[in-house]
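Please look over the chain shown here before reading on.

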Amino acid sequence: MRSRGLPIPEISPYYYPPYGQKRLKQILERLVDFNKLKELLKPSSPSLFVGAVEVCTGKFRIFKNADITAEAILASAALPLLFPSVRVENIYYWDGIFSHNPPIECFVHDLDPHESKTDEIWIIQINPQSRSEVPKTVEDILYRRNELAGNLSLNQEISSIEAFNRWLQKGYFPTDKYKYVKIKQIELDKIPDYPSKLNRSPSYIRDLMNYGEYKAEVFLKSCFYP
């Protein structure tokens, strides 16, 4: 899956107007009434977690359910070289790739009551874990570094849950508070190149959607018909 698009600009995102963030915020607010989230949420409602990191302190933050706003989503999507940091409650945030990416541990530890805790976690991994060749061009090196940075936090989250699973099986934790959690992953076979992340071509996006539907079908079949 290779496509040529515009590379990320090699200038500070603070030197040009944040048209992309403004457009994304308009779309979010048109589709979601964030002001009604609190009254719509019930104990039985699914949980949504959005991760971001404070730029100046390096502290991680997880926005959960009613805390999620359009600004919180923009903060989680604020790639440092592409968008300026986003202010939420007078604190500036960057993309959560540097922290919980994604914050899957929250589905194990932050849900109450015990019955609401998940039995399985399905991860759609968009950054490949491995590549067949050593990157040699500057572009490919930077791209691979970005992949490894994203997978680092993901693998840490997975390792933490797997450790809890082992300790739970050994009886170190009470079963009325913790569950054994299965982790299943969907990984990309077709590996996109660096410029493709900014490719807005309708045909390319449709190709991605078709590929995603195919991978989902294969994954579901493997779950129910192993």
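Where is the place of Asn-65? Asn-65 sits in the loop between β2 and α3, the helix of residues 70-76. The model discussed here is a predicted one.

## Two asparagines with positive phi

Asn-65 has a phi near 45°. That is a positive value in a residue other than glycine. Is Asn-65 buried or exposed? Its relative accessibility is 16%. Buried means under 20%, so Asn-65 counts as buried.

Asn-90 also calls for a look. Its phi is positive, at about 65°, although Asn-90 is not a glycine. Asn-90 belongs to the loop between β3 and β4, the latter spanning 91-95. Asn-90 is exposed, with a relative accessible area of 65%.

## Overall layout

The protein chain holds six helices and six strands. Read from the N terminus, the elements run α-α-β-β-α-β-β-α-β-α-β-α. The chain has 226 residues, and buried residues make up 31% of them.

The accessible surface is about 15,100 Å². Carbon and sulfur atoms account for 58% of that surface.

## The four-stranded sheet

Four strands form an open sheet in the order β2-β1-β4-β3. The pairing is antiparallel. Why is one side of β2 and of β3 left without a neighbour in the sheet? Both stand at the edges, and each has a single partner strand, so one side of each has no neighbour there. β3 covers residues 86-88. From one strand to the next, the twist averages 50°.

β1 spans residues 49-54, and β2 spans residues 60-64. The two pair in the antiparallel sense over five bridges. Ala-52 stands opposite Arg-61 in β2. β1 and β2 make a hairpin, with five residues between them. Gly-58 lies in the turn and has a positive phi of about 80°. In a regular strand, side chains alternate between the two faces of the sheet.

## Nonpolar cores

The largest nonpolar core has 15 residues. Which members touch the most others? They are Phe-34, Phe-63, Ala-75, Val-86, Val-88 and Tyr-93. β1, α3 and β3 each supply at least two residues of this core. α3 gives the most, with four residues.

Leaving out residues up to four places away in sequence, Phe-63 touches Leu-48, Phe-49, Val-50, Ala-52, Ile-68, Ala-72, Val-88 and Tyr-93.

A second core is separate and has eight residues. Its members include Ile-104, Ile-121, Leu-154 and Val-181.

Glu-157 lies in helix α5, which spans residues 138-169. Is Glu-157 buried or exposed? Glu-157 is buried, with a relative accessible area of 3%.

What lies 3.0 Å from a polar atom of the Glu-157 side chain? The backbone nitrogen of Ile-104 does. Ile-104 is also one of the residues of the second core. Neighbours within four places in sequence aside, Glu-157 is in contact with His-100, Pro-102, Pro-103, Ile-104 and Glu-105.

Two pairs bring together residues from separate parts of the sequence. Pro-128 is found in the loop between β5, residues 120-125, and α5. Pro-128 is buried, with a relative accessible area of 7%.

The other pair is Tyr-15 and Pro-84, 69 residues apart in sequence. From C-alpha to C-alpha they are 9.4 Å apart in space. Tyr-15 lies in the segment before α1, the helix of residues 19-31. Tyr-15 is exposed, with a relative accessible area of 70%.

Terms used
Residues numbered from 1 in each chain as written. Heavy atoms only, no water. Buried < 20%, exposed > 50% of the residue type's maximum accessible area, 1.4 Å probe, protein only. Polar contact = N/O pair within 3.5 Å; in protein donor to acceptor, adjacent residues only side chain to side chain. Contact = heavy atoms within 4.5 Å. Pairing = 2+ DSSP bridges. Areas by Shrake-Rupley, 256 points an atom, 1.4 Å probe, with all protein chains shown as cover. Axes fitted to C-alpha atoms, helices over the stretch in contact; angles between N-to-C directions. Core = buried A, V, L, I, M, F, W, Y, C linked by side-chain atoms within 4.5 Å.
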